[in-house]
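Here are my notes on the model, point by point. Please keep the structure open as you read.

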Amino acid sequence: MQVGIENEDKAQLLSGTFRNVIFESSSRETSAKPVFRALPADRKYKVGFSVVMLRLSSFHLSLIRRSMSLPFSSVYPLKRSRAHEVCGEGGLVFAAISAGQAKGAVVWVSEHWRPTVNPEGLSPYCDPGKLLITRAVSQLDVLASAETALRSGAAGLVVVEVSGAIGLTEGRRLQLAAEAGRTTGLLIIPEGAGSNAAETRWRCDGLSASHSPCQNSHDSTHWRWSLIKNKIGTLSEWVVRWDAASHRVIVVSKAGG
Amino acid sequence: MQRRIVSLWFPRLAAERSQRANPVDAPFALTLFDRNSERIYDLCPRAEGFGLQRGMTLVHARSFCPSLLTRPSDPEADQRFLKLLARWATRYCPWVGLDGRDGLFLDITGSAHLLGGEEPLLDDVRARLTRAGLTARLGLAGTPGAAWALSHFAEGIAKPDEVLARIGPLPLAALRLSQETCTNLERLGIATVSELYNLPRATIARRYDQSVLRHLDQALGAIGEQISPLKDEQNFAVRITLPDPIGLLDDVMAGTRRLLNHLCARLDTAQRGARLLKLTFRRVDQENQSVELRLARPMRDAERMLALFERGVSAVDAGYGIDMIRLEAVQIEELGMRQLDRAQGREKDSLADLITQLGNRVGLENILRFAPVDSHIPECSFKLVPAAYSNPVRSWPSRRPRPLRLFPPEPILGDGPQPPARFRWRGRSLTTAEAEGPERITPAWWEDNDSWAHGLRDYWRVGTRQGQRLWLFHTPQNPGWFVQGEFG
């Protein structure tokens, strides 16, 4: 593993006091060498982060994920006045649950050809009367309507269903509108179509019964909610279920932990 | 005070209205399709000179006068024109009523002196109408009946004490009697009003119905007759003309603000709210640009409406400048006084404003709300209603678990009443991990629904090993498997 260090003091690095230890391994070599290199805690080093990210394999990511404990409550409910993104099979449920927890009206913007969400299916998560369905002709209209709704601040949550990729400009505009109107935005995006301006991005997948941690889960289904982008913190993933009685999301376990 | 009524008759209203817009220098007539042929509806004096009459078929008329020019008539536009004339006539008196399709009654009681007396008043009316290209016949008497008789048969003024003397020699038709009654009386040798008046009343009443006596009494003033003035239609439009053209957005918005303040004050007194506003800008090159604003709720709050106008106004091309702004409330609705409450009211207002803003971009009919429908058919159990014309539903009926997304049924391969263990759906092969069901739903036989042609449906909730949770159904009467929804 290469860590770019802009400091003359390499000697100390090799000899000195190690505190933060990073494992080095490649995904092919499963036998990890325990200690490779460490950074002294009391010295500030400028680390070439991009180099690090490029070399990190999925195994490293899972290691990092495991090593950091990100509490679910710090990222969900979604941070207000920001635009978030969600993708995956369970994105609709994620949006429905978020809509149920939002205060005030929920504006749901989508293109007119897309079938609307079924209010009967929505009612366990969210009161369908709260929803204002806005049907636009094109993605441009969808984004413009979403921006208007976010900026006005009249709604508690603005859910936007987009069908194509979102550029940085559009994402940033939505972000600014959300900040101006102090409204939360949630974009349901196709896989990989998000913009870099999003505050967080989630991937939601259903878990089949055999994969669910609880076997007697006849009453509720489980989802894996992975935080795959977070502007202000680390990433993590959780297995959650919906508790209809208390009307909230319950974390069953940390995925993979 | 002695009542004084002017009857104003326009004998050629339709033809003259048409000629005012588009003069012709030839025998001219208007036609109307009636009783299976084109007939003459109205005509000019030159055409009358050829012996043409109203009601004649056009073919017949052309044989008399081959050079006849015709246009189709528009009786509704004539009626509108008559209403305009009625509005114009309020310059003489405040009380003007319509008289059939081609006349007006003016109640000039107490207002004749403003123009120097009755004679000068009639002269003034006649002069102005002639200048406008209209032929008018005028009669002035103490009752509408007598005034009508004079205007139609002997133009002039009847002093209060000489009504009978003036209308006595006129034919019976002057009493507004029906053609049939007139003919009937004429057969008995009664041709004029005075002859009718001299008959014993009891015999007339016995022989004819009361209408003959009533018309006679109305003309002579023994029975009163009402003139119904036109309803004062409230017109919620204001305009501002500018000495110099303007073009900057701020200036235009300032002008709009002034208009809105006026309009809202007027709406406030009438207890109304605007639903559709139209703002028209006239440019110096006579081009008109207009901005429409559809509101989600009736309102009369100038500041809020101004903010909503901003987007539309900024798209207006001012060209060389704007010298007139006109604001009209095209659709208005009742809007009573409202109790002000601090938090909730503001929230509602801001949501209504949002609906308006979104509606101006995607159309107000595209902002929808869910409303429950009493039906057990899953796809018919709700409807979408425009949010601007409905209130949110507070309590939603809870039924069995339903998928979050419903789509038209998509067939999959599978047989037997049990859900297939593996199937392909949307290009993916899926393996059933768990299945819950069946829930049988029968079609609504009283409704004609083509998508239920397969008959009964047994619904299953199927969880797949790949993570999807789908809503499948089996049609036992017509074996087949379909996917209709996704639980997400």
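1. Start with a term. The expected span of a helix is 1.5 Å times one less than its number of residues. Helices (H or I, at least four residues) and strands (E, at least two) are DSSP runs, numbered from the N terminus. Now take helix α6 (residues 139–152) of chain A. This helix has 14 residues, and its first and last C-alpha atoms are 20 Å apart. That is close to the expected 20 Å.

2. A word on the source. This is a predicted model: local features need pLDDT of at least 70, side-chain atom pairs count only at pLDDT 80 or more, and totals for chains, interfaces and linings use all residues. Residues are numbered from 1 along each chain as its sequence is written, while chains are lettered from A and ligands numbered from 1 in the order in which they are written.

3. Check confidence next. pLDDT is the predictor's confidence in each residue, from 0 to 100. Chain A has a mean pLDDT of 76, with 67% of its residues at 70 or more. Residues 1–54 of chain A fall below 50. Where pLDDT is low, the predicted coordinates should not be read in detail.

4. Chain A overall. Its secondary structure comes to 7 helices and 11 strands. Of its 257 residues, 42% are buried (20 or more other C-beta atoms within 10 Å of the residue's own; exposed means 12 or fewer, partly exposed in between; C-beta atoms are placed from the backbone).

5. Is α4(A) enclosed or open? Helix α4 (residues 91–101) of chain A has 10 of its 11 residues buried, so it is largely enclosed by the rest of the structure. The buried residues include A:Phe94 and A:Ile97.

6. Back to α6(A). It is mostly covered, with 10 of its 14 residues buried. Among them are A:Val142, A:Leu143 and A:Glu147. Just after this helix, A:Gly153 takes a positive phi of about 75 degrees.

7. α6(A) has a partner. Its axis and that of helix α7 (residues 168–181) of chain A come within 6 Å and cross at roughly 25 degrees. Axes are lines fitted to C-alpha atoms, for helices over the stretch in contact, and angles run from 0 to 180 degrees between N-to-C directions. That makes α6(A) roughly parallel to α7(A) (under 35 degrees; over 145 is roughly antiparallel, 65 to 115 roughly perpendicular, the rest oblique). The residues of this contact divide into 7 nonpolar, 2 polar and 4 charged. Ala, Val, Leu, Ile, Met, Phe, Trp, Tyr, Cys and Pro count as nonpolar, Asp, Glu, Lys and Arg as charged, and the others, Gly among them, as polar.

8. Compare a pair in chain B. Helix α6 (residues 144–153) and helix α11 (residues 210–220) of chain B pack at about 90 degrees, with axes 5 Å apart. They are therefore roughly perpendicular to each other. This contact has 3 nonpolar, 3 polar and no charged residues.

9. Which residues of α6(B) meet α11(B)? B:Gly145, B:Ala146 and B:Ala149 meet B:His215, B:Gln218 and B:Ala219. Contact means that the C-beta atoms of two residues, placed from the backbone, lie within 7 Å.

10. Now the two chains together. Their contact takes 40 residues from chain B and 42 residues from chain A. On the side of chain B, α14(B) gives the most, with 9 residues. That side divides into 18 nonpolar, 11 polar and 11 charged residues.

11. Last, one residue. B:Lys383 lies in strand β14 of chain B. It has 13 C-beta neighbours inside 10 Å, so it counts as partly exposed. Its C-alpha atom is 5.4 Å from that of B:Ala371, 12 residues apart along the chain.
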